[in-house]
Structure formats: C-alpha cells, structure tokens
Amino acid sequence: MVNGEPLALPLIKEYIAEKLRSKISLPKNKKFVVSVKTDRKTNYNLYIQVLDQAKGAYSEVWEEYSQVTYSTPFKDLEPEQLKDVKAKVPFVISLAEPEKI
C-alpha cells in the first residue's frame, strides 16, 4: 500500500522515482522520505522486494541527475560530483516498527 492505497509491486519503483524527481530542487530539510511499515505477518521476501524497489528508484534518479548535470554515469562521477548528487537526492528510507496483530 502507498498512502493507504494498494499499489502493485512493479509500480512502487516508478512511484518513488517520480516523487524523488519532484523534490530535487527543494531545500535539504524538505526532501522525500520513503517509509516502509509492515505488520508481523508480512512475508520477508515481499518486504525485501519492496526495499529493492525503493533502492532501485533512488539508483534510477541518481543516474538521471548525474547524466543531466554532469553528462557522466553515476558510477563514474568524481567524489565531489557524487557528494552533490547524494545531497540533491539523499537516500532516506525509514523502517517503521511492525504493527501488532
């Protein structure tokens, strides 16, 4: 579920990536935070797949920003450029405590 609405696993990455893209120009204290909340019965494999989708979204947006800003793939950035990319799109995933059932 995303914001209380069901969302298919393959759509999570694009949903998060779109939110990240929309927040790039905001000040650091206004950046997007991905919060993952489960319940005790959540399948571990599904939990890991959701985290993989979130990480994939960050990777996709880092790559796009690197290409647009520096005309260089993310993996080939200089240390200062890498620092800039991660400052513009900070990796913030919050793992909330599972709910009791």
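**Terms and their grounds**

Tutor: The largest nonpolar core has 19 residues, and Ile-16, Leu-20, Val-34 and Val-89 have the most contacts inside it. Two or more residues of this core come from each of helix H1 (9-23), strand S1 (34-36) and helix H2 (44-70). H2 gives the largest share, 7 residues. This is a predicted model, in which local features need pLDDT of at least 70, side-chain atom pairs count only at pLDDT 80 or more, and totals for chains, interfaces and linings use all residues. Residues are numbered from 1 along each chain as its sequence is written, and side-chain values use heavy atoms, with hydrogens and water left out.

Student: What makes a set of residues a nonpolar core?

Tutor: The members must be buried Ala, Val, Leu, Ile, Met, Phe, Trp, Tyr or Cys residues, joined through side-chain atoms within 4.5 Å.

Student: Which residues does Ile-16 touch, not counting those up to four places away in sequence?

Tutor: Ile-16 touches Phe-32, Val-34, Ala-54 and Ala-57. Contact here means heavy atoms within 4.5 Å.

Student: Which residues form the contact of H1 with H2, and of what class are they?

Tutor: On the H1 side they include Leu-9, Ile-12, Ile-16 and Leu-20, and on the H2 side Leu-46, Val-50, Ala-54 and Val-61 are among them. By class, the contact has 12 nonpolar, 3 polar and 5 charged residues. Ala, Val, Leu, Ile, Met, Phe, Trp, Tyr, Cys and Pro count as nonpolar, Asp, Glu, Lys and Arg as charged, and the others, Gly among them, as polar.

Student: How do you know whether Ser-66 is buried or exposed?

Tutor: Buried means under 20% relative accessible area, exposed over 50%, and partly exposed in between, with a 1.4 Å probe and protein chains only. Ser-66, in helix H2, has a relative accessible area of 0% and is therefore buried. Leaving aside neighbours within four places in sequence, Ser-66 is in contact with Ser-71, Thr-72, Pro-73, Phe-74, Leu-77 and Val-85.

Student: And is Ser-71 buried or exposed?

Tutor: Ser-71 has 61% relative accessibility, so this residue counts as exposed. Ser-71 lies in the loop between H2 and helix H3 (79-88), and its phi is near 50 degrees, a positive value in a residue other than glycine.

Student: What makes Val-85 a buried residue?

Tutor: Val-85, in helix H3, has a relative accessible area of 0% and is therefore buried. Ser-66 and Val-85 are 19 residues apart in sequence and 6.8 Å apart in space, C-alpha to C-alpha.

Technical notes
Helices (H or I, at least four residues) and strands (E, at least two) are DSSP runs, numbered from the N terminus.
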